[in-house]
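Please open the model in a viewer with residue selection and distance tools at hand. The stops below are given in the order in which they may be selected.

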Amino acid sequence: MRWWPRMHMEAVWALVRAALLTAMQYRASFIAEFLVGALSAVGVAAPLFLVYARVPEIQGWTLDQALLVTGFFLLYNAFVSGIVEPNLGSIVEGVRTGALDYLLLRPVDAQLVLSFSRVAPTAIWELLAGVVVVVGALMRLGAPTVADSALAAGLLVAGLASTYGLWLLVVCTSFWFVRVDNLRFLLSAVTDAGRWPVSVYGRGLRIALTTVVPVALVSSYPAMALLHRLDTSLVLGAFATAGVMLVVSRGVLRLALSRYASASS
Amino acid sequence: MNTGAPEERVWLGSGPGARVSHLLRAWPAVLRVAFAGLVAYRAEMVIWVLSATLPLVMLSLWNAAATGGPVGGYDQLAFTRYFAVNLVVRQLTGSWIVWELNWAIRKGELSPKLLRPMNPLVYNFAETLSALPFRAGVLLPLVGALAWWRPEVLFLPSPTVFFAFVASVLASFILAWTVQALFGMLAFWFEQSMGFWSAWFAIWSLLAGYFVPLDLFPAWAVAGTRLLPFYSTLGAPIDLLLGKVDPASTLATQWGWVVALSALAALTWRTGIRRYGAVGA
């Protein structure tokens with residue numbers, strides 16, 4: 001695997017389309033999952049309504065502003081459960097069973113194949129819920145400027161890239177320690193902290209949530225951009241974190257693949 | 001299984017009394033085997049336990065909300081106590097049978113388990129029970145760290161309240177396991193019942209007091225939500241220990257649910273297992 005991936009866009013598109021078709025064949029369960037998506041959105045937002053029924057604002061965040069963070073958190077969740085988890089989960093499985101060999105044989109960049117061959121389409125309900133919450137909150141807060149919206153979108157992408165890098169790093173440990181499925185549960189438990197505005201946490205946690213487990217970058221930062229609360233250093237920090245996470249995780253994946261001896265040989 | 005000595009054959013007879021005494025004799029061995037199985041995967045167990053940090057995430061929100069003064073009668077200390085007990089009770093009442101049943105029914109792995117002279121559900125219950133000392137062991141350092149960090153969180157309940165709390169946690173343990181078993185058994189009818197379980201979990205997190213003490217619900221909803229089975233599986237023991245509810249009526253509600261849902265689970269098992277046989281697995 002070379003450092004700079006050659007982007008075979010048509011290959012990526014074919015992978016995603018095949019994955020979608022595979023997953024959509026269970027039509028009944030796909031529609032039943034709608035209920036789950038809606039309920040989990042309610043579950044994430046309801047505590048906020050209960051808190052804000054009693055206090056007008058928390059650490060400088062009003063209900064509508066905090067709902068923005070919740071909406072972005074739902075988008076992050078949709079990304080993780082829709083794309084990251086199915087793919088990277090299959091790496092862990094592939095290392096254990098040896099099925100990874102077949103993926104690595106394909107003449108496309110290994111990271112692309114490993115990251116985009118599966119889609120869990122039920123995540124679309126969570127995606128939809130996230131969009132509804134963000135748009136709903138914005139309708140009450142007033143439309144943001146075009147510049148702020150563009151910055152928020154950029155930060156969302158950077159945040160998703162950072163968290164993707166972190167997931168990839170965790171999954172790469174499976175090349176050394178075969179059984180790490182449970183580390184994924186631990187990671188998603190920790191990233192649950194991203195559902196509230198990052199300022200509700202203490203100083204130590206706040207730093208951890210923006211650097212070590214950068215889930216605040218994907219939920220709080222885009223919301224702060226829309227509310228025009230970010231200074232340049234925070235923005236640069238977010239993009240730098242994304243860059244570092246992507247480079248480091250690709251490096252570790254390269255190292256892991258070069259040491260991968262395949263289960264069959 | 002009828003190859004033992006004559007008196008053993010009598011012991012393995014099919015009457016309900018014989019079945020119970022059989023179970024009682026096998027019980028210690030089952031617990032030992034289950035515990036050994038858990039110890040083999042101890043690293044995974046620790047990770048599972050550490051994953052249950054959601055009460056702490058909730059605590060941060062309520063703690064931040066209460067910086068300016070108590071919220072609905074809870075100050076920061078009360079919130080910390082509530083979510084600390086929440087973490088402990090959730091940990092002690094944890095089970096995994098819904099995953100196991102889903103897997104076993106879909107993959108046909110239930111078949112060999114049915115050949116054992118012990119009902120697979122009972123076996124899993126023993127496994128879950130034998131995980132308790134382990135979970136308690138992992139909780140100790142967590143609670144110790146909390147006591148060291150904020151000693152004012154610790155408090156000593158009266159003996160009556162403490163024993164009521166133990167009875168309440170026991171009811172929650174049985175209930176939480178029974179509900180999971182019920183959802184797991186849905187896999188007899190649907191190929192995959194995890195979706196139903198996720199939906200239940202989402203409603204449960206709100207109405208059980210996992211995210212929010214039920215006291216903080218709108219006044220008209222508090223009494224009603226305390227009668228629902230959700231509350232009996234988690235919030236009841238917490239509120240009982242913190243002296244928020246009357247122990248006698250809370251325990252009555254909880255054990256009432258235990259009886260009702262266990263009966264439903266037994267019925268579901270009997271109907272479902274016939275269906276499983278019909279599939280030809």
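Two residues are in contact if their C-beta atoms, placed from the backbone, lie within 7 Å. This is a predicted model, in which local features need pLDDT of at least 70, side-chain atom pairs count only at pLDDT 80 or more, and totals for chains, interfaces and linings use all residues. Residues are numbered from 1 along each chain as its sequence is written, while chains are lettered from A and ligands numbered from 1 in the order in which they are written.

**Stop 1: the side of chain B that touches chain A**

Select both chains and display the contacts between them: 28 residues of chain B meet 27 residues of chain A. Helices H3 (42-50), H4 (54-65) and H11 (194-207) of chain B each contribute at least two residues to the side of chain B that touches chain A. Helices (H or I, at least four residues) and strands (E, at least two) are DSSP runs, numbered from the N terminus. H4(B) gives the most to this side, with eight residues. Colouring this side of chain B by class shows 19 nonpolar, eight polar and one charged residues. Here Ala, Val, Leu, Ile, Met, Phe, Trp, Tyr, Cys and Pro count as nonpolar, Asp, Glu, Lys and Arg as charged, and the others, Gly among them, as polar.

**Stop 2: chain B**

Of its 281 residues, 37% count as buried; a residue is buried if 20 or more other C-beta atoms lie within 10 Å of its own, exposed if 12 or fewer, and partly exposed in between, with C-beta atoms placed from the backbone. Among the contacts in chain B with a separation of 6 or more, 74% join residues 24 or more positions apart.

Move to Pro70(B), in the loop between H4 and helix H5 (76-92) of chain B. Pro70(B) has 14 other C-beta atoms within 10 Å and is therefore partly exposed. A distance drawn from Pro70(B) to Phe134(B), C-alpha to C-alpha, reads 36 Å, for a sequence separation of 64 residues.

**Stop 3: chain A**

Chain A contains 11 helices and zero strands. Of its 265 residues, 41% count as buried. Residues 24 or more positions apart make up 82% of the contacts in chain A with a separation of 6 or more.

**Stop 4: helix H3 of chain A**

Which residue lies in the loop between helix H2 (27-52) and H3 of chain A? Gln59(A) is located there, and its phi is positive, about 45°, although Gln59(A) is not a glycine. Gln59(A) is partly exposed, because 15 other C-beta atoms lie within 10 Å.

Now select H3(A) itself. Its 35 residues should span 51 Å at 1.5 Å a residue, and its end C-alpha atoms are 48 Å apart, which agrees; the expected span of a helix is 1.5 Å times one less than its number of residues. Of the 35 residues of H3(A), 25 are buried, so the helix is largely enclosed by the rest of the structure.

Within helix H3 (residues 63-97) of chain A, centre on Ala78(A). Is Ala78(A) buried or exposed? Ala78(A) counts as buried because it has 22 C-beta neighbours inside 10 Å. Leaving aside residues up to four places away in sequence, Ala78(A) touches Ala123(A), Glu126(A), Leu127(A) and Gly130(A). Val16(A) is 62 residues from Ala78(A) along the chain, and their C-alpha atoms are separated by 16 Å.

Further along H3(A), a kink of about 40° lies at Val84(A), shortly before the proline Pro86(A). The bend at a residue is the angle between axes fitted to the seven residues ending there and the seven starting there. Gly98(A), with a positive phi near 90°, follows H3(A).

**Stop 5: helices H7 and H10 of chain A**

Two packed helices are described by the angle between their axes and the distance between the axes. Select helix H7 (residues 146-172) and helix H10 (residues 215-226) of chain A: their axes come within 8 Å and cross at roughly 175°. Axes are lines fitted to C-alpha atoms, for helices over the stretch in contact, and angles run from 0 to 180 degrees between N-to-C directions. H7(A) and H10(A) are therefore roughly antiparallel to each other, the term for angles over 145 degrees. The residues of this contact divide into 13 nonpolar, four polar and one charged.

**Stop 6**

Finally, select His228(A), in the loop between H10 and helix H11 (232-259) of chain A. His228(A) has a positive phi of about 60°, although it is not a glycine. With 11 C-beta neighbours inside 10 Å, His228(A) counts as exposed.

Note on methods: Parallel < 35°, antiparallel > 145°, perpendicular 65-115°, else oblique.
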